[in-house]
Amino acid sequence: MILANFKDIELYFDKNPLFNKINFQLNSGQKIALIGRNGSGKTTLLKLLNREIEADSGEITFGQGIKISYLSQKVPKGKDDTLFSFVLEGIGELGNLIKKYNELNKKLSKKETTSLLNELDRLTNLIDINKGWEIERFVRDILDKFKLDGNIEFSTLSAGKKRIALLTRALISKPDLLLLDEPTNHLDINMILWLEEFIKAYKGTVLFVTHDRTLIEKTATSIVEIDRGEIYNWNCTYIEYLERKKDSLNIEEKARKQFMKKLSDEEIWIRQGIKARRTRNEGRVKKLVLMRDEKQKMRTASKNAGFSIQNAGASGKVVLKAKNISFNYDNKKIVNDFSTTISRGERIGIIGENGCGKTTLLNILLGKLKSASGIIELGTNLQIHYFDQLKGSLKESKTIVENVSDGNDILEINGKPKHIIGYLQDFLFSPEKARSKVSVLSGGERARVLLAKLFTLPSNLLIMDEPTNDLDIETLELLEELLMDYPGTLLIVSHDRTFLNNIATSVLVFKEDGKIEEFIGGYSDIKVDKIEKKIEKSEKVKKKSNQIKKLSYKEQIELDKLPEQIELYEEKKEKIHSEMNDMGFYKKSPDKIAEINTNLKSIETELSSMYEKWEELEEKSLSYEEHKQDKASRQ
């Protein structure tokens with residue numbers, strides 16, 4: 001079923017095209033990750049789908065009677081309602097009736113109660129839910145899962161808990177199309193894992209914008225990319241998208257170089273033709289004019305950010321030592337008997353549930369907060385800067401230049417002078433954009449301003465609290481490369497699993513009762529998960545150990561044939577990928593593109609099934625051989 005269809009949609013921003021006659025279709029059951037640079041129009045696309053704004057031209061049609069819910073990036077600050085009442089507002093009149101019933105139930109007469117219950121049933125039938133109480137139970141279950149009291153005022157909640165409330169509010173009408181804009185912002189690891197499982201299990205269509213690459217990899221069945229005013233439906237998983245995108249960019253760059261060479265040759269020819277007019281071909285001249293026009297309109301791939309961190313020189317070998325430190329708040333153990341030694345050059349990730357005490361730990365380690373017991377020793381020659389502290393230093397009414405330069409036209413970056421405009425261009429701010437006020441910037445642009453300000457300050461110990469929020473994936477990957485090369489020491493609070501895997505040399509994990517455990521490596525190296533999986537697998541093996549059988553003749557034949565069949569299907573898949581990476585592929589008719597995509601999907605499904613069967617038969621064969629050898633050794 002088609003939920004929404006974009007036809008030749010155009011939208012302009014400051015006279016520049018944000019969308020250039022884009023065509024796009026959403027179908028039921030899809031899980032789509034919408035990606036693209038900050039400012040490319042991802043949030044705008046969601047707002048078009050949510051009917052908040054209108055396109056300048058083109059047409060958007062929606063499936064009959066479809067329900068759409070939208071989780072915005074922005075978290076409302078006000079709202080005097082209780083959390084439960086705020087969530088119920090997501091179903092409008094029905095929610096108001098449920099609230100009214102809860103408030104007046106004891107005061108109503110039997111006749112009034114019956115009338116109200118009948119009205120509740122009428123409205124719940126309209127949104128395809130059996131009873132109004134199912135909605136109430138659904139809301140209570142989610143709030144209970146995250147230990148949220150429905151009677152607390154919404155305005156008193158943390159940003160992470162407000163996000164959960166907003167998501168719950170978006171879900172209660174059981175939308176056919178769920179739009180999520182940066183849903184993992186302000187969420188801790190446990191909440192993100194819940195969201196991941198929820199998206200995978202959700203029966204409706206989910207279109208989500210996120211910088212969380214692990215979330216995309218684990219949930220998205222399709223990748224849709226906005227790039228330079230165009231929209232591309234890659235119709236594949238994130239891993240496959242990365243491979244295809246790399247090939248596509250190589251092809252695009254090759255085609256661009258060929259075009260520019262041809263244009264250069266034609267420009268030389270036209271100049272020669274002025275001296276010998278009789279040899280000039282008027283048709284060739286017209287083509288040259290068209291090529292010049294094409295070059296003028298050509299929108300090349302966006303420049304990558306190119307920032308660098310100022311190095312303040314080496315600190316002492318030992319950056320800090322903590323021995324048996326503890327900290328309590330309102331009789332609750334926040335940090336419980338924690339010891340560590342952090343050496344120069346280490347990159348320490350810190351993770352845990354929201355409110356567990358990650359920021360408190362940072363403040364204790366830096367001597368800004370006194371621990372109840374234990375000893376903190378800071379190393380020598382430390383120059384410390386704190387990313388999160390800069391957030392409050394941005395002046396909304398001032399320009400990006402004014403916020404970053406503090407009135408200086410020339411900055412000194414790693415001993416070399418650099419003009420502020422050139423410096424900001426490294427952070428993807430054009431000269432015009434650099435003179436914009438901070439108040440008009442997107443979340444991703446604000447994050448880049450903070451990084452620009454931070455990196456003007458020499459440091460050898462960087463404290464970064466959620467630095468990845470709002471950054472687009474390309475800028476995030478570049479930041480990772482930069483931090484990997486940073487010679488100083490990093491303490492990073494983050495819930496971005498891919499970021500931690502790529503950056504961290506070790507991870508501090510908050511457990512219950514203020515206990516903190518340290519694991520070498522990134523998020524995937526947290527041994528608790530590995531140990532649990534190992535125990536679980538071991539238990540399964542024990543249960544099956546007495547049931548191990550040899551492969552049947554039919555299974556052995558199937559196992560022998562599978563590698564050849566897989567190779568054949570891989571070749572078919574690669575052939576289609578090559579066709580899709582060709583510059584002219586998207587000039588084919590929509591029906592032909594759909595046919596090729598369907599064929600690719602069928603091949604990928606078949607391949608997945610074959611790989612699964614191959615793994616199953618291989619494991620059974622190996623298990624039997626190991627079992628036979630083990631039995632022989634015991635005898």
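Met580 is buried, at 5% relative accessible area (buried is under 20%, exposed over 50%, partly exposed in between, with a 1.4 Å probe and protein chains only).

User: Where does Met580 sit?
Analyst: In helix α19, residues 553-581. Helices here are DSSP runs of H or I, at least four residues, and strands are runs of E, at least two, numbered from the N terminus. This is a predicted model, with pLDDT of at least 70 needed for local features and 80 or more for side-chain atom pairs, while totals for chains, interfaces and linings use all residues. Residues count from 1 along each chain as its sequence is written, and side-chain values use heavy atoms, leaving out hydrogens and water.

User: How far apart are the C-alpha atoms of Met580 and Ile596?
Analyst: 8.8 Å, and the two are 16 residues apart along the chain.

User: New topic: what order do the strands take in the open sheet?
Analyst: β2-β1-β4, with antiparallel pairing. The edge strands are β2 (16-27) and β4 (57-62). Pairing takes at least two DSSP bridges between two strands; β1 (residues 2-13) and β4 have 5.

User: What stands opposite Ser57 in β4?
Analyst: Glu10.

User: And which elements have the lowest and highest mean pLDDT?
Analyst: Helix α18 (residues 527-544) is lowest at 46, and strand β7 (residues 205-209) highest at 95. pLDDT is the predictor's confidence in each residue, from 0 to 100. The protein's mean is 78.

User: Where does pLDDT stay under 50?
Analyst: Residues 528-547 are one such stretch, and residues 274-280 are another.

Definitions and conventions: Contact = heavy atoms within 4.5 Å.
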